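Thanks, everyone. Please have a look at it on the screen.

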Amino acid sequence: MFTSNPFSELSAFIPAAVMQAYIILMVLMVIGGTVLDMMHKKSAQYFFENAKKAQKNAKRSVSTGEKATIAVKVLLDEVLTSGEFCNVKRRLSHLLTMYGFVIFVVTTAILIFGYATPEASAPVILPLLWHIGALMLAVGGYWFWFFIRVDVSAEGLTWYRLERTDLFIVSLLATSTFGLIWSFTQSQGITGWSTLFFVLFIISSTTLFGSVFWSKFAHMFFKPAAAFQKRVTRADGSRENLPAEYDLTDPAVQAKFPDIPEYMGKNPAYMGHGIKREPANHY
Amino acid sequence: MPTFVYMTRCDGCGQCVDICPSDIMHIDKTLRRAYNLEPNMCWECYSCVKACPHHAIDVRGYADFAPLGHSVRVDRDEEKGTIAWRIKFRNGKKDMELLAPITTKPWGTAIPQLSKEAAPSNEMRNSELLFNEPKYIRLDEGGLHTLESNGLKMREGVYY
């Protein structure tokens, strides 16, 4: 199952050109959905107005070189390693689903555009990665769905309670799950079930890529932009109106805030982690 | 000054739901972002403000110290043991900052180990003194501790 290309066998029933057209249609739907979403929520307008407001409060200007360094940091920290999550479980679950999704989508495109005929044999690594991607997506997603998401873990709501907000995660989970079951039933030669799960796979993936306007799919595009803007506000001193970061050993700071040397001494000790010493599970 | 959540900054992690002693920080069922469901019941302890990893929770200042439209933002830095406030008026001209200590000893190092104490005797149980009195109020060290006895002076200002 793990090393067989499910799209090569599928090409006996559906021509490769149709599969390729489906992929292009999904890409167009994602682009269209994101643009419509941006226009409807006015998120881009909000983002730029907020950036302008921050610039007005800036204490220093950030050079283009500095902005490039910030962009690299955003890429390394927030984008590639999901650094904005402070909860380790959430971060791991997000990394699993994110990389699983990327691997799954990229290998699907390569398999369909390069190896979607019975004659073309794909390198073993491609179908293997397709299955691993789907598995990572399912593991990270189900972990999140049943145990991590806060409305279940903290609010005591049932895991089967559905809202429109769940459209993204549910369609992601359905796509990976039905994809894996379709591949399994196909490799076992169970034709009827295989067709059923293939239909379910296509319905769920169409929902995933076609519902961008209503789901939180577009977060993968605007989150990095927001993370970049957040780092810029820290660099230019506007800090979203947050207080400055003080060096407690600085004599100027001690003169401005005499309570610090009076109660903590001239060289305040490192106080360690406060409430973060315990995980947040006191519900 | 009850707390409120900036929806655009919140990622629904639930740290504030966990920490709120008044149980009024909850996750919105539709939007999956935290909100203060009953600001009237807020103790203003700012546990949620310090627990929020994204500085998504702020406080609404009272109108007696800042006119409407101001911003009151808090940064509680536990590793430094300080709390910093910044109050900015809506015209941006009045911009005040405050920095104060919130601990003088590393966290967790000054917690009384009550479980290691001996069980109270019958005489102690029947006494009007509370646990570890007078030791804990230091009467046995020669009277109550006062500002004077600690070499401190009452300064001008508002004390609560």
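This is a predicted model: local features need pLDDT of at least 70, side-chain atom pairs count only at pLDDT 80 or more; totals for chains, interfaces and linings use all residues.

Let me begin with the order of elements in chain A, which along the sequence reads α-α-α-α-α-α-α-α-α-α-α-α. Counted up, that is 12 helices and zero strands.

On to the overall dimensions. The C-alpha trace of chain A extends about 80 × 40 × 35 Å along its principal axes. Its radius of gyration is 24 Å, whereas a compact globule of 283 residues would come out near 19 Å. How is chain A divided? There are two parts, domain 1 covering 6-235 and domain 2 covering 246-277. The centres of these two domains of chain A, over C-alpha atoms, are 44 Å apart.

Two more numbers for this chain. Buried residues make up 28% of the 283 in chain A. If you take the contacts in chain A between residues at least 6 apart in sequence, 76% of them link residues at least 24 apart.

Now the interface. How many residues of chain B are in contact with chain A? The count is 38, and they meet 34 residues of chain A. On the chain B side, the elements giving two or more residues are helices H1 (15-19) and H2 (47-51), along with strands S2 (25-27), S5 (71-77), S6 (82-88) and S7 (95-101). The top contributor there is S6(B), with five residues. By residue class, this side of chain B splits into 14 nonpolar, 12 polar and 12 charged.

Next, the cores. The largest nonpolar core has 28 residues, and the members touching the most others are Cys16(B), Val17(B), Met25(B), Ala34(B), Cys48(B), Cys52(B) and Ile57(B). Which elements supply at least two residues each to this core? From chain A there is helix H12 (259-264), and from chain B there are H1, S2, H2, strand S4 (57-59) and S6. H2(B) gives the most to this core, namely three residues.

Val17(B) is worth a look on the screen. Setting aside neighbours within four places in sequence, Val17(B) contacts Val150(A) and Ala154(A) in the one chain, and Met25(B), His26(B), Ile27(B) and Ala34(B) in the other.

Methods
Residues are numbered from 1 along each chain as its sequence is written. Chains are lettered from A and ligands numbered from 1 in the order in which they are written. Two residues are in contact if their C-beta atoms, placed from the backbone, lie within 7 Å. Helices (H or I, at least four residues) and strands (E, at least two) are DSSP runs, numbered from the N terminus. Ala, Val, Leu, Ile, Met, Phe, Trp, Tyr, Cys and Pro count as nonpolar, Asp, Glu, Lys and Arg as charged, and the others, Gly among them, as polar. Domain bounds come from an automatic or database domain assignment. The radius of gyration is taken over C-alpha atoms; the globule rule is 2.2 Å times the number of residues to the power 0.38. A residue is buried if 20 or more other C-beta atoms lie within 10 Å of its own, exposed if 12 or fewer, and partly exposed in between; C-beta atoms are placed from the backbone. A nonpolar core is a set of buried Ala, Val, Leu, Ile, Met, Phe, Trp, Tyr and Cys residues joined through C-beta atoms within 7 Å.
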